[in-house]
Structure formats: structure tokens, C-alpha cells
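Okay, everyone, thanks for coming. Let me put the structure up, and then we'll walk through a few spots in it.

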Amino acid sequence: MLLYRRGEAAQAESLHRVVLAAKLQVLGPRHPKTLDSMNGLGLALLKEGKPQEAKQVFEQLMSVSGSVFPATNATPFNFELHYAWCLRALHEDSAAEQEFLRAYRGLLRTAGPASSQTLRAAGDLADFYEARGEQAKAA
């Protein structure tokens, strides 16, 4: 986060890649901490204006995370929110909408309606609809 504030997004991406490579080697590709690092790299790429690369990272993450975490864990749905914003950045609005909805519903089920994660997902979904001029859905 500090590197982004200082305008050093490329260095942040590089560090995320180093950390992810180390976790892949030490912990393996299906370890929760490795998946967290994969998510971090996807976000770094997205912040750096590389949504196509971020999409590849998020798709790899999504293909694994659901089978690593138990069905009662909210973590994969948080990853899904980030993937949805990536799809939005690529103007893949139909797919983004489905991911936002899936993340919101998953967080509602796993974290509960009053959780900060669920409320953030609801806000993200509303922001998505408002950006598309669909205020009725955003309400």
C-alpha cells in the first residue's frame, strides 16, 4: 500500500511476484497464504492498469480457491469481488455482474448480512449498477 501511495506501482507488482513465487515454492499452489498472495498480485496488476494480466491471475485463483477453503469460509467470495472489478475494468460487464452477485450472495451466506464484508460487497454491487446508470438495481 505504501508503494502505491508513493507512486511506485511497478515496484509493488515486482514484490508481489517475488512473494508469490516464494510461497508457491515453500507452501505450494493450494495453500491459503499462497492464494492470498495471488490475490495481492492480481490487485497490484489491476492498480497498475494491467487488467488483462490481472484477469489471468484472478482466473487461476478462482479455479483453485473454491476447493481450498471450506464452504463456510468467506475468503473465496472476497477474491471474487476483486475478480469482478477486474472484469469491470475490461468492460466485461455481463460477467462482472455475475461475479458481483455471486460474491454478494456467498458473503451473505457465509459472513452474514451485518458483516463488513457483506456490506462492502453490497456497496460494490450498488456502485457497479450506478456506474452503468441502473439506479433502480442499485437501490
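So, Ala139 is exposed, at a relative accessible area of 89%; exposed means over 50%, buried under 20%, partly exposed in between, with a 1.4 Å probe and protein chains only. Quick caveat: this is a predicted model, where local features need pLDDT of at least 70 and side-chain atom pairs count only at pLDDT 80 or more, while totals for chains, interfaces and linings use all residues. Residues are numbered from 1 along each chain as its sequence is written, and side-chain values use heavy atoms, with hydrogens and water left out.

Ala139 sits in the segment after α8 (135-138); helices here are DSSP runs of H or I, at least four residues, numbered from the N terminus. From Ala139 to Phe77 it's 62 residues in sequence and 22 Å in space, C-alpha to C-alpha.

Now, Asn78. That one is in helix α5, residues 75-89, and Asn78 is buried, at 14% relative accessible area. What does its side chain make a polar contact with? The side chain of Arg120, at 2.7 Å. A polar contact is an N or O pair within 3.5 Å; within protein, one atom must be able to donate a hydrogen and the other to accept it, and residues adjacent in sequence count only if both atoms are side-chain atoms.

Leu81 also meets Arg120: beyond four places in sequence, its contacts (heavy atoms within 4.5 Å) are Phe100, Ala103, Leu107, Arg120, Ala121 and Asp124.

How values were computed
Helix = DSSP H or I, 4+ residues; strand = E, 2+ residues; numbered from the N terminus.
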